[in-house]
Amino acid sequence: MSARSGGAAGALGAKGAAFADREYWVRLVLFACASISILAILVIFLFIFRESLPAIRDVGIGNVFFSTNYNPQTGHYGMLGFIWGTLLTTFGAMVLGAPLGIGTAIFLDQIAPERTAQVVRRGIELLAGIPSVVIGWFGLILLVPFLARTTGTAGYGVFAAVLVLVVMALPTITTLSAETMKSLPQELKEASAAMGATRWQTIYKVLLPSARDGLLIAVILGMGRAIGETMAVQMVIGNSRAITFSLFGRTSTLTTRIVTDMAEAPPGDHRSALFAMALVLLLLAMLLIIIIRFVSRQRKLAA
Amino acid sequence: MNAKGADRIATWVFWTLGIITVSILAFIILEVLGRGLLTALNPRFLFGKPKAMTAGGGIFPMIVSTLYLVVLTIIISLPISVGAAIYMAEFAKKGRLNNFIRFCLDSLATLPSIVFGLFGLALFVTAFRWSYCLMAGAFTLAILNLPILLRSTEEAIKLVPDTYREASMSLGASRWTTIRQIVIPSALPGIITATILPIGRIVGESAAIIYTVGVFIRNVPVNPFDTAAPLAGYIWATQAEPGVPDWKCIVNGGAALLLIMVFVIYFLARWAGNRYQKKKLYGVGSGKT
């Protein structure tokens with residue numbers, strides 16, 4: 001720029017500076033857009049935390065988070081029973097959903113003819129889009145009566161919730177597992193086949209071990225869906241305050257207790273205790289993401 | 001057991017797992033449509049007003065609420081998502097900050113929607129004193145949809161080949177001019193496709209809206225600050241506290257309609273995506289630099 005002379009140089013310099021200036025502002029605005037995610041998570045955490053403070057202050061941390069005594073009429077807000085309900089239903093959903101999802105992913109990647117695989121993939125994407133109230137309604141009018149007839153119980157309860165959660169988590173697990181399987185190098189499959197291994201031996205001894213971390217992440221994200229699922233579970237779990245260790249016991253999870261109580265919880269300790277449950281859900285979700293980051297970092301280090 | 005036998009059994013098992021997955025989907029679709037399709041397509045149901053005590057109510061205000069909510073949410077979240085996606089795709093350098101933004105996005109994506117619902121209640125409905133309204137729900141859903149919208153927009157922007165950027169920059173265009181004149185127009189069809197799928201999520205979302213938008217209205221909402229009742233939340237509330245004698249019929253019809261809406265949106269997204277794939281990068285801006 002300095003090589004130019006006269007009035008032209010000044011004009012051009014100013015114009016160049018204006019350009020640089022605009023570039024700077026544009027960049028700043030775009031960065032602001034990107035950092036909204038940071039702001040959002042921060043504000044969500046702060047508001048949920050602030051709203052849950054009254055209950056924690058009035059009842060005590062231990063009595064909110066580590067007590068199983070939940071009875072709003074007598075001022076007891078222990079949520080441990082619902083944390084147990086969340087863990088139990090999530091675990092059950094993974095016991096059924098992980099083999100089904102990973103198995104379907106292997107089916108798509110290794111076994112199904114291309115056209116069949118294409119149709120199944122579309123189907124799973126569709127399944128992912130079905131609203132949770134629709135799946136819950138389906139569970140309520142079909143699954144619950146069916147369970148009631150076959151087991152002689154009320155039908156509502158942990159098992160019905162587990163089945164609904166399998167449906168909700170299945171697309172997540174299957175899609176991510178299939179992506180992992182697809183990303184494995186083709187040479188791996190060919191080398192194993194060249195050694196004379198059957199298809200099952202290749203899957204079992206070569207593909208599954210090398211896909212392990214990716215499949216683990218798929219299952220963890222499936223867990224995330226199961227932990228957070230609200231409406232569908234609320235419609236079939238029975239919404240009892242009792243803790244259950246039975247597959248057909250009625251109980252509640254953190255999410256369903258919030259929805260069940262919210263309508264009759266005026267601002268005060270009761271409502272605040274429900275926000276404390278949301279706080280636990282928030283921390284659980286972030287914990288899962290931290291675990292996933294850890295797993296994928298290990299994988300990068302190993303590679 | 002020999003290896004061949006094990007292989008045959010394994011093949012059968014995987015076929016069975018695949019078939020189970022597909023039959024779950026088929027079963028749900030057939031059941032829900034079978035029970036509700038006739039009601040869902042009945043004009044008196046589609047265009048009628050809901051009734052509080054008597055049978056024969058319709059769901060027109062709820063359909064309008066859902067569509068209104070979709071439009072508001074997209075208006076709020078699309079500019080932010082596109083801006084953030086441009087930053088992430090074009091400017092962001094690998095490092096701590098970038099990593100932290102990704103971490104926050106991933107956390108937002110895993111956060112249960114009921115947490116968003118309570119957050120919306122605490123911030124927009126209570127602290128901002130907006131009361132239950134479409135705007136409160138739209139802002140809540142905009143945050144909820146941010147990660148998914150951002151990711152697909154970012155992918156659309158990254159699909160624009162680097163040669164386009166290099167050609168533009170070598171002609172003397174600045175970074176921002178290149179983005180505005182070359183990158184965004186080329187990525188536009190992809191960005192539009194990226195917007196369709198989140199719409200399906202907004203239509204189906206219920207936990208995040210029952211405490212921000214409302215669950216029952218009698219008349220069509222007009223003002224963005226009016227209380228409304230999107231279809232998904234209305235279905236849930238109707239089955240939770242049945243107030244009309246024909247509530248089962250309404251829930252069946254509503255569920256079928258919801259399913260149809262989500263599927264239409266899905267196939268629209270697929271169709272748009274395929275078109276985009278075929279003529280990728282068609283429609284590069286002809287504007288002067």
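The model is predicted, so local features need pLDDT of at least 70 and side-chain atom pairs count only at pLDDT 80 or more, while totals for chains, interfaces and linings use all residues. Side-chain values use heavy atoms, with hydrogens and water left out; residues are numbered from 1 along each chain as its sequence is written, and chains are lettered from A in the order in which they are written.

**Chain B at a glance**

- Chain B has 10 helices and 0 strands; helices (H or I, at least four residues) and strands (E, at least two) are DSSP runs, numbered from the N terminus.
- The C-alpha trace of chain B spans about 70 × 70 × 35 Å along its principal axes.
- Of its 289 residues, 56% count as buried; buried means under 20% relative accessible area, exposed over 50%, and partly exposed in between, with a 1.4 Å probe and protein chains only.
- For contacts (heavy atoms within 4.5 Å) in chain B with a separation of 6 or more, 75% join residues 24 or more positions apart.

**The nonpolar core**

- The largest nonpolar core holds 194 residues, and A:Ile44, A:Ile48 and A:Met79 touch the most other members.
- Such a core is a set of buried Ala, Val, Leu, Ile, Met, Phe, Trp, Tyr and Cys residues joined through side-chain atoms within 4.5 Å.
- Helix α11 (residues 269-302) of chain A supplies the largest share of this core, 16 residues.
- Leaving out residues up to four places away in sequence, A:Ile44 touches A:Leu282 as well as B:Leu108, B:Leu111, B:Val115, B:Phe116, B:Phe119 and B:Ile143.

**Helix contacts in chain A**

- α7 (residues 186-194) and α8 (residues 199-228) of chain A have axes that come within 10 Å and cross at roughly 155°; axes are lines fitted to C-alpha atoms, for helices over the stretch in contact, and angles run from 0 to 180 degrees between N-to-C directions.
- That crossing makes α7(A) roughly antiparallel to α8(A), a label for angles over 145 degrees.
- From α7(A), A:Leu188, A:Lys189, A:Ser192 and A:Ala193 meet A:Thr202, A:Val206, A:Leu207 and A:Ser210 of α8(A).
- By class, the contact of α7(A) with α8(A) has 4 nonpolar, 3 polar and 1 charged residues; Ala, Val, Leu, Ile, Met, Phe, Trp, Tyr, Cys and Pro count as nonpolar, Asp, Glu, Lys and Arg as charged, and the others, Gly among them, as polar.
- The axes of α8(A) and α11(A) also come within 10 Å, crossing at roughly 175°, which makes α8(A) roughly antiparallel to α11(A).
- Residues in the contact include A:Ile217, A:Ile220 and A:Leu221 of α8(A), plus A:Leu284, A:Leu288 and A:Ile291 of α11(A).
- By class, the contact of α8(A) with α11(A) has 12 nonpolar, 3 polar and 2 charged residues.
- α10(A) is mostly covered, with 8 of its 9 residues buried; among them are A:Arg257 and A:Asp261.

- Most residues other than glycine have a negative phi.
- A:Asn239 has a positive phi of about 55° although it is not a glycine, and sits in the loop between α9 (231-236) and α10 (254-262) of chain A.
- A:Asn239 is partly exposed, at 23% relative accessible area.
- B:Arg129, also not a glycine, has a positive phi of about 55° and is found in the loop between α5 (113-127) and α6 (134-158) of chain B.
- B:Arg129 counts as exposed, at 74% relative accessibility.

Technical notes:
Angles under 35 degrees count as roughly parallel, over 145 as roughly antiparallel, 65 to 115 as roughly perpendicular and the rest as oblique.
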